[in-house]
Amino acid sequence: MRAVVVERLGPPDVMELRDVPVPTPGPGEVRIEVEAVGINFADVLAVAGEYLTRTRVPYTPGMEFAGIVESLGEGVPAGGVGGVRVGQRVAALGGSGALAKYAVVRASGIIPVPESLSGPQAAAFPVSYFTAYHGLKTLGRGESGEWVWVQAAAGALGTASIQLARALGMKVAATASTEEKLQIARDLGADVTLLQDDPERVQKLRDAAGGQGIPLILEVVGGSRFQESLDVAAHRGRIIVIGNASREGATLRPFELMKRNLTVTGLWVTSLMGDVEATREAAQALAGLVGSGQVTPQVGPVYPLADSARAFQDLLDRKTTGKVIIEP
Ligand code: NDP
(Lines give C-alpha, C1' and ligand atoms only; values in the text may rest on other atoms or scores of the structure.)
Protein backbone atom coordinates (compact mmCIF):
# COMPACT_ATOMS: atom_id res chain seq x y z
CA MET A 1 0.00 0.00 0.00
CA ARG A 2 1.06 3.62 -0.43
CA ALA A 3 2.13 5.45 2.72
CA VAL A 4 4.03 8.57 3.70
CA VAL A 5 7.36 7.67 5.32
CA VAL A 6 9.74 9.88 7.31
CA GLU A 7 13.33 8.54 7.52
CA ARG A 8 14.92 11.61 9.12
CA LEU A 9 13.36 14.44 11.08
CA GLY A 10 13.09 17.91 9.61
CA PRO A 11 10.86 20.27 7.64
CA PRO A 12 7.80 18.87 5.81
CA ASP A 13 9.73 18.00 2.63
CA VAL A 14 11.45 15.09 4.44
CA MET A 15 8.18 13.19 3.92
CA GLU A 16 8.23 10.67 1.04
CA LEU A 17 5.60 8.49 -0.56
CA ARG A 18 6.57 4.79 -0.45
CA ASP A 19 5.11 1.33 -0.97
CA VAL A 20 4.97 -0.46 2.41
CA PRO A 21 3.31 -3.67 3.66
CA VAL A 22 -0.30 -3.46 4.88
CA PRO A 23 -0.11 -3.47 8.72
CA THR A 24 -1.53 -6.44 10.66
CA PRO A 25 -3.65 -5.67 13.74
CA GLY A 26 -2.14 -7.21 16.88
CA PRO A 27 -4.10 -8.22 20.02
CA GLY A 28 -6.43 -5.41 21.07
CA GLU A 29 -5.93 -3.55 17.79
CA VAL A 30 -8.15 -2.72 14.83
CA ARG A 31 -7.27 -2.16 11.16
CA ILE A 32 -9.07 0.72 9.49
CA GLU A 33 -9.30 1.64 5.82
CA VAL A 34 -8.40 5.31 6.00
CA GLU A 35 -10.82 7.79 4.39
CA ALA A 36 -9.43 11.07 5.69
CA VAL A 37 -6.57 12.17 7.96
CA GLY A 38 -6.82 15.30 10.11
CA ILE A 39 -3.50 17.16 10.20
CA ASN A 40 -2.62 18.86 13.46
CA PHE A 41 0.12 21.33 14.28
CA ALA A 42 1.43 18.49 16.45
CA ASP A 43 2.06 16.40 13.31
CA VAL A 44 4.26 19.17 11.91
CA LEU A 45 6.16 19.36 15.21
CA ALA A 46 6.53 15.55 15.35
CA VAL A 47 8.07 15.43 11.85
CA ALA A 48 10.42 18.25 12.91
CA GLY A 49 11.38 16.36 16.10
CA GLU A 50 9.99 19.17 18.27
CA TYR A 51 6.92 17.47 19.78
CA LEU A 52 6.23 16.69 23.44
CA THR A 53 7.22 13.05 22.87
CA ARG A 54 10.27 11.80 20.98
CA THR A 55 9.64 10.88 17.32
CA ARG A 56 11.25 7.57 16.39
CA VAL A 57 12.12 7.13 12.71
CA PRO A 58 11.37 5.64 10.27
CA TYR A 59 7.69 6.28 10.78
CA THR A 60 4.45 7.20 9.04
CA PRO A 61 2.90 10.42 10.41
CA GLY A 62 -0.82 10.93 11.04
CA MET A 63 -2.37 10.60 14.49
CA GLU A 64 -6.02 11.51 13.81
CA PHE A 65 -8.18 9.99 11.11
CA ALA A 66 -11.50 8.57 10.04
CA GLY A 67 -12.26 5.46 8.10
CA ILE A 68 -14.07 2.17 7.90
CA VAL A 69 -13.25 -0.66 10.33
CA GLU A 70 -11.79 -3.41 8.15
CA SER A 71 -10.55 -6.14 10.55
CA LEU A 72 -10.32 -6.77 14.29
CA GLY A 73 -7.28 -8.11 16.14
CA GLU A 74 -7.46 -10.80 18.79
CA GLY A 75 -9.51 -9.88 21.87
CA VAL A 76 -11.41 -6.93 20.36
CA PRO A 77 -15.12 -7.39 21.13
CA ALA A 78 -17.12 -7.28 17.90
CA GLY A 79 -20.30 -5.18 18.09
CA GLY A 80 -22.38 -4.60 21.23
CA VAL A 81 -21.61 -2.09 24.00
CA GLY A 82 -18.01 -0.87 23.67
CA GLY A 83 -17.49 -3.18 20.69
CA VAL A 84 -16.43 -2.27 17.18
CA ARG A 85 -18.24 -3.45 14.06
CA VAL A 86 -16.49 -4.32 10.80
CA GLY A 87 -17.85 -1.88 8.20
CA GLN A 88 -18.49 0.87 10.80
CA ARG A 89 -17.21 4.43 10.13
CA VAL A 90 -15.19 5.64 13.09
CA ALA A 91 -12.76 8.37 14.02
CA ALA A 92 -9.53 7.24 15.62
CA LEU A 93 -6.61 8.65 17.55
CA GLY A 94 -3.31 6.80 17.43
CA GLY A 95 0.27 7.94 17.86
CA SER A 96 1.07 7.76 14.13
CA GLY A 97 0.58 5.72 10.95
CA ALA A 98 -2.53 7.28 9.42
CA LEU A 99 -1.01 8.75 6.24
CA ALA A 100 -1.56 5.46 4.41
CA LYS A 101 -4.30 3.38 2.82
CA TYR A 102 -4.68 1.29 6.00
CA ALA A 103 -3.81 2.13 9.61
CA VAL A 104 -3.83 0.09 12.80
CA VAL A 105 -4.86 1.58 16.16
CA ARG A 106 -5.61 0.25 19.62
CA ALA A 107 -9.35 -0.35 20.00
CA SER A 108 -9.29 2.14 22.92
CA GLY A 109 -8.25 4.84 20.42
CA ILE A 110 -11.49 4.52 18.50
CA ILE A 111 -14.05 7.26 18.87
CA PRO A 112 -17.58 6.55 17.64
CA VAL A 113 -18.88 9.46 15.56
CA PRO A 114 -22.43 10.43 14.64
CA GLU A 115 -23.42 8.94 11.30
CA SER A 116 -24.28 12.44 10.07
CA LEU A 117 -20.56 13.30 9.79
CA SER A 118 -18.69 12.79 6.53
CA GLY A 119 -15.23 11.15 6.54
CA PRO A 120 -13.36 14.51 6.49
CA GLN A 121 -15.66 15.94 9.20
CA ALA A 122 -15.08 12.86 11.37
CA ALA A 123 -11.30 13.23 10.86
CA ALA A 124 -11.55 16.90 11.88
CA PHE A 125 -13.30 16.06 15.13
CA PRO A 126 -11.35 14.22 17.88
CA VAL A 127 -8.25 16.32 18.60
CA SER A 128 -9.71 19.79 18.13
CA TYR A 129 -13.07 19.23 19.83
CA PHE A 130 -11.82 17.19 22.80
CA THR A 131 -9.04 19.75 23.31
CA ALA A 132 -11.53 22.62 23.09
CA TYR A 133 -13.87 20.89 25.55
CA HIS A 134 -11.09 20.18 28.05
CA GLY A 135 -9.79 23.73 27.71
CA LEU A 136 -13.18 25.35 28.15
CA LYS A 137 -14.74 23.00 30.70
CA THR A 138 -12.64 20.18 32.24
CA LEU A 139 -9.66 22.39 33.08
CA GLY A 140 -10.99 25.86 32.25
CA ARG A 141 -14.22 25.50 34.28
CA GLY A 142 -15.86 28.03 31.94
CA GLU A 143 -19.39 29.11 32.76
CA SER A 144 -22.21 30.38 30.62
CA GLY A 145 -21.94 34.17 30.25
CA GLU A 146 -18.18 34.22 30.90
CA TRP A 147 -15.68 35.60 28.38
CA VAL A 148 -13.03 33.43 26.77
CA TRP A 149 -10.13 34.54 24.56
CA VAL A 150 -9.59 32.19 21.61
CA GLN A 151 -6.24 32.68 19.82
CA ALA A 152 -5.43 31.49 16.24
CA ALA A 153 -9.21 31.66 15.97
CA ALA A 154 -9.63 30.47 12.36
CA GLY A 155 -7.47 27.36 12.81
CA ALA A 156 -8.67 23.87 13.60
CA LEU A 157 -8.61 24.30 17.38
CA GLY A 158 -9.71 27.93 17.15
CA THR A 159 -12.86 27.22 15.12
CA ALA A 160 -13.72 24.29 17.40
CA SER A 161 -13.22 26.48 20.48
CA ILE A 162 -15.42 29.29 19.18
CA GLN A 163 -18.26 26.94 18.26
CA LEU A 164 -18.09 25.07 21.52
CA ALA A 165 -17.79 28.20 23.67
CA ARG A 166 -20.84 29.69 21.97
CA ALA A 167 -22.78 26.43 22.37
CA LEU A 168 -21.90 26.54 26.10
CA GLY A 169 -23.24 30.11 26.32
CA MET A 170 -19.84 31.78 26.67
CA LYS A 171 -18.79 35.06 25.08
CA VAL A 172 -15.82 34.90 22.71
CA ALA A 173 -13.00 37.34 22.00
CA ALA A 174 -11.05 36.00 19.03
CA THR A 175 -7.65 36.94 17.59
CA ALA A 176 -6.00 35.85 14.34
CA SER A 177 -3.43 37.14 11.86
CA THR A 178 -5.64 38.35 8.98
CA GLU A 179 -9.01 40.01 8.36
CA GLU A 180 -10.17 36.96 6.38
CA LYS A 181 -9.50 34.77 9.41
CA LEU A 182 -11.37 37.19 11.68
CA GLN A 183 -14.37 36.98 9.34
CA ILE A 184 -14.39 33.20 9.83
CA ALA A 185 -14.37 33.75 13.59
CA ARG A 186 -17.29 36.18 13.34
CA ASP A 187 -19.24 33.79 11.11
CA LEU A 188 -18.89 31.17 13.85
CA GLY A 189 -20.25 33.59 16.42
CA ALA A 190 -17.23 35.36 17.97
CA ASP A 191 -18.45 38.47 19.80
CA VAL A 192 -15.27 40.53 19.48
CA THR A 193 -12.50 40.01 16.91
CA LEU A 194 -9.06 41.61 16.79
CA LEU A 195 -5.99 41.29 14.62
CA GLN A 196 -3.32 39.62 16.71
CA ASP A 197 -0.91 42.46 15.80
CA ASP A 198 -3.33 45.27 16.69
CA PRO A 199 -1.08 47.64 18.66
CA GLU A 200 -3.80 48.19 21.27
CA ARG A 201 -4.83 44.54 21.53
CA VAL A 202 -4.15 44.08 25.24
CA GLN A 203 -6.30 47.05 26.26
CA LYS A 204 -9.00 46.22 23.70
CA LEU A 205 -9.21 42.62 24.95
CA ARG A 206 -9.47 43.82 28.56
CA ASP A 207 -12.13 46.33 27.51
CA ALA A 208 -14.13 43.63 25.69
CA ALA A 209 -14.96 42.14 29.07
CA GLY A 210 -16.06 45.45 30.56
CA GLY A 211 -12.49 46.56 31.38
CA GLN A 212 -12.12 43.73 33.89
CA GLY A 213 -9.90 41.51 31.75
CA ILE A 214 -10.77 38.07 30.41
CA PRO A 215 -11.40 35.25 32.91
CA LEU A 216 -10.49 32.30 30.63
CA ILE A 217 -7.73 32.26 28.02
CA LEU A 218 -6.88 29.40 25.67
CA GLU A 219 -3.17 30.09 25.05
CA VAL A 220 -1.85 28.56 21.83
CA VAL A 221 0.76 31.00 20.49
CA GLY A 222 3.24 31.14 23.37
CA GLY A 223 6.72 32.66 23.11
CA SER A 224 6.88 36.41 23.58
CA ARG A 225 3.06 36.50 23.29
CA PHE A 226 2.59 34.55 26.51
CA GLN A 227 3.07 37.71 28.55
CA GLU A 228 -0.01 39.16 26.84
CA SER A 229 -2.15 36.39 28.24
CA LEU A 230 -0.98 37.35 31.73
CA ASP A 231 -1.73 41.01 30.99
CA VAL A 232 -5.20 40.34 29.55
CA ALA A 233 -6.33 37.91 32.27
CA ALA A 234 -8.98 39.05 34.74
CA HIS A 235 -8.64 38.79 38.52
CA ARG A 236 -8.66 35.01 39.28
CA GLY A 237 -8.22 34.41 35.55
CA ARG A 238 -7.39 30.94 34.24
CA ILE A 239 -4.84 30.61 31.44
CA ILE A 240 -4.90 27.19 29.80
CA VAL A 241 -1.59 26.54 28.02
CA ILE A 242 -2.46 24.41 24.99
CA GLY A 243 0.11 25.23 22.37
CA ASN A 244 3.24 27.06 21.39
CA ALA A 245 2.66 27.79 17.70
CA SER A 246 5.37 30.47 17.79
CA ARG A 247 7.87 27.66 18.62
CA GLU A 248 9.67 30.23 20.84
CA GLY A 249 10.49 29.91 24.52
CA ALA A 250 8.55 31.94 27.10
CA THR A 251 9.32 33.07 30.62
CA LEU A 252 6.84 32.69 33.45
CA ARG A 253 7.68 34.39 36.73
CA PRO A 254 5.41 32.68 39.29
CA PHE A 255 5.53 35.87 41.34
CA GLU A 256 3.48 37.64 38.64
CA LEU A 257 0.56 35.28 39.23
CA MET A 258 0.04 36.45 42.82
CA LYS A 259 -1.31 39.96 42.38
CA ARG A 260 -4.39 38.95 40.38
CA ASN A 261 -4.60 35.38 41.76
CA LEU A 262 -4.03 33.89 38.32
CA THR A 263 -3.90 30.19 37.48
CA VAL A 264 -1.82 28.76 34.63
CA THR A 265 -2.69 25.16 33.68
CA GLY A 266 -1.16 22.93 31.01
CA LEU A 267 -3.36 20.83 28.74
CA TRP A 268 -2.30 17.86 26.60
CA VAL A 269 -5.26 16.06 25.07
CA THR A 270 -3.30 12.82 24.61
CA SER A 271 -2.73 12.34 28.33
CA LEU A 272 -6.26 13.51 29.17
CA MET A 273 -7.62 10.75 26.89
CA GLY A 274 -6.29 8.34 29.54
CA ASP A 275 -8.57 9.97 32.15
CA VAL A 276 -11.64 7.77 31.77
CA GLU A 277 -14.05 10.04 33.64
CA ALA A 278 -12.98 13.25 31.85
CA THR A 279 -13.10 11.51 28.47
CA ARG A 280 -16.56 10.07 29.10
CA GLU A 281 -17.93 13.45 30.15
CA ALA A 282 -16.40 15.22 27.13
CA ALA A 283 -17.58 12.51 24.72
CA GLN A 284 -21.14 12.70 26.03
CA ALA A 285 -21.28 16.47 25.83
CA LEU A 286 -19.70 16.58 22.36
CA ALA A 287 -21.89 13.80 20.95
CA GLY A 288 -24.98 15.75 22.02
CA LEU A 289 -23.74 19.01 20.48
CA VAL A 290 -22.61 17.41 17.22
CA GLY A 291 -25.78 15.32 16.99
CA SER A 292 -27.98 18.39 17.42
CA GLY A 293 -25.95 20.32 14.83
CA GLN A 294 -24.82 22.95 17.36
CA VAL A 295 -21.22 22.24 16.48
CA THR A 296 -19.96 21.08 13.08
CA PRO A 297 -16.30 20.15 12.54
CA GLN A 298 -14.77 22.74 10.20
CA VAL A 299 -13.07 21.02 7.29
CA GLY A 300 -10.36 23.18 5.72
CA PRO A 301 -8.30 22.45 2.61
CA VAL A 302 -8.24 18.83 1.38
CA TYR A 303 -5.03 17.42 -0.18
CA PRO A 304 -4.24 14.06 -1.82
CA LEU A 305 -1.68 11.81 -0.08
CA ALA A 306 0.97 12.72 -2.68
CA ASP A 307 0.74 16.38 -1.56
CA SER A 308 1.25 15.66 2.15
CA ALA A 309 4.42 17.77 2.38
CA ARG A 310 2.59 20.74 0.84
CA ALA A 311 -0.29 20.30 3.30
CA PHE A 312 2.13 20.35 6.25
CA GLN A 313 3.99 23.38 4.85
CA ASP A 314 0.74 25.31 4.28
CA LEU A 315 -0.29 24.65 7.90
CA LEU A 316 3.11 25.83 9.10
CA ASP A 317 2.94 28.93 6.87
CA ARG A 318 -0.44 29.91 8.39
CA LYS A 319 -2.15 29.61 5.00
CA THR A 320 -4.89 27.24 6.18
CA THR A 321 -8.13 27.63 8.11
CA GLY A 322 -10.22 24.88 9.74
CA LYS A 323 -8.77 21.37 9.82
CA VAL A 324 -6.29 20.42 7.12
CA ILE A 325 -7.35 17.07 5.64
CA ILE A 326 -5.34 14.54 3.60
CA GLU A 327 -7.15 11.82 1.68
CA PRO A 328 -5.18 8.66 0.83
P1 NDP B 1 -4.16 25.54 13.49
O2 NDP B 1 -5.08 25.08 12.43
O3 NDP B 1 -4.67 26.46 14.54
O4 NDP B 1 -2.89 26.21 12.77
C5 NDP B 1 -1.91 26.86 13.53
C6 NDP B 1 -2.23 28.37 13.65
O7 NDP B 1 -1.39 28.90 14.65
C8 NDP B 1 -1.91 29.14 12.41
O9 NDP B 1 -2.93 29.11 11.45
C10 NDP B 1 -1.71 30.53 12.97
O11 NDP B 1 -2.93 31.26 13.00
C12 NDP B 1 -1.28 30.29 14.42
N13 NDP B 1 0.08 30.78 14.66
C14 NDP B 1 0.40 31.73 15.53
N15 NDP B 1 1.70 31.97 15.51
C16 NDP B 1 2.22 31.16 14.60
C17 NDP B 1 3.54 30.97 14.11
N18 NDP B 1 4.58 31.68 14.55
N19 NDP B 1 3.71 30.01 13.16
C20 NDP B 1 2.69 29.30 12.70
N21 NDP B 1 1.42 29.46 13.13
C22 NDP B 1 1.19 30.40 14.07
O23 NDP B 1 -3.47 24.29 14.19
P24 NDP B 1 -4.03 23.32 15.33
O25 NDP B 1 -5.48 23.54 15.55
O26 NDP B 1 -3.55 21.96 15.03
O27 NDP B 1 -3.23 23.79 16.61
C28 NDP B 1 -3.35 25.09 17.17
C29 NDP B 1 -2.46 25.15 18.40
O30 NDP B 1 -3.02 24.32 19.41
C31 NDP B 1 -1.04 24.63 18.16
O32 NDP B 1 -0.17 25.39 18.97
C33 NDP B 1 -1.11 23.20 18.63
O34 NDP B 1 0.14 22.67 19.00
C35 NDP B 1 -2.09 23.33 19.79
N36 NDP B 1 -2.83 22.10 20.12
C37 NDP B 1 -2.53 21.49 21.30
C38 NDP B 1 -3.21 20.38 21.73
C39 NDP B 1 -2.91 19.82 23.08
O40 NDP B 1 -3.36 18.72 23.40
N41 NDP B 1 -2.18 20.53 23.91
C42 NDP B 1 -4.24 19.76 20.88
C43 NDP B 1 -4.53 20.50 19.67
C44 NDP B 1 -3.81 21.63 19.30
P45 NDP B 1 -2.88 32.86 12.79
O46 NDP B 1 -2.37 33.02 11.38
O47 NDP B 1 -4.26 33.33 12.96
O48 NDP B 1 -1.94 33.39 13.82
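The legends below describe close-up views of a predicted model.

View 1. An oxygen atom of the ligand lies 2.5 Å from a polar side-chain atom of Ser177. Backbone atoms also take part: a polar backbone atom of Ile242 is 2.8 Å from a nitrogen atom of the ligand, and a polar backbone atom of Leu267 is 2.7 Å from a nitrogen atom of the ligand. The ligand taken alone exposes 890 Å², and the protein buries 91% of that area.

**View 2. Helix α6 and its buried face.** Helix α6 spans residues 201-208, and Arg201, Leu205 and Arg206 are buried in it. Seen down the helix axis, the buried residues of α6 fall within an arc of 135°, so they line one face of the helix. In general, an α-helix has 3.6 residues a turn, so residues three or four places apart point the same way. The strands against which the buried residues of α6 pack are β8 (147-150), β9 (171-176), β10 (192-195), β11 (214-219) and β12 (233-241). These buried residues also pack against helix α7 (226-232).

View 3. Pro58 sits in the loop between α1 (41-48) and β4 (64-72). The peptide bond from Val57 to Pro58 is cis, and its omega is near -5°. Most residues other than glycine have a negative phi, and most peptide bonds are trans.

**View 4. Ala152 in the loop between β8 and α4****.** Although Ala152 is not a glycine, its phi is positive, at about 45°. Ala152 counts as partly exposed because its relative accessibility is 34%, which lies between the limits of 20% for buried and 50% for exposed.

**View 5. Arg318 in the loop between α10 and β15 (323-327)****.** Arg318 is not a glycine either, yet has a positive phi of about 65°. With a relative accessible area of 49%, Arg318 is partly exposed, as exposed means over 50%.

Methods. Residues numbered from 1 in each chain as written. Predicted model: local features only at pLDDT ≥ 70, side-chain atom pairs only at ≥ 80, totals over all residues. Heavy atoms only, no water. Buried < 20%, exposed > 50% of the residue type's maximum accessible area, 1.4 Å probe, protein only. Helix = DSSP H or I, 4+ residues; strand = E, 2+ residues; numbered from the N terminus. Arc of directions from axis to C-beta. Contact = heavy atoms within 4.5 Å. Polar contact = N/O pair within 3.5 Å; in protein donor to acceptor, adjacent residues only side chain to side chain. Areas by Shrake-Rupley, 256 points an atom, 1.4 Å probe, with all protein chains shown as cover.
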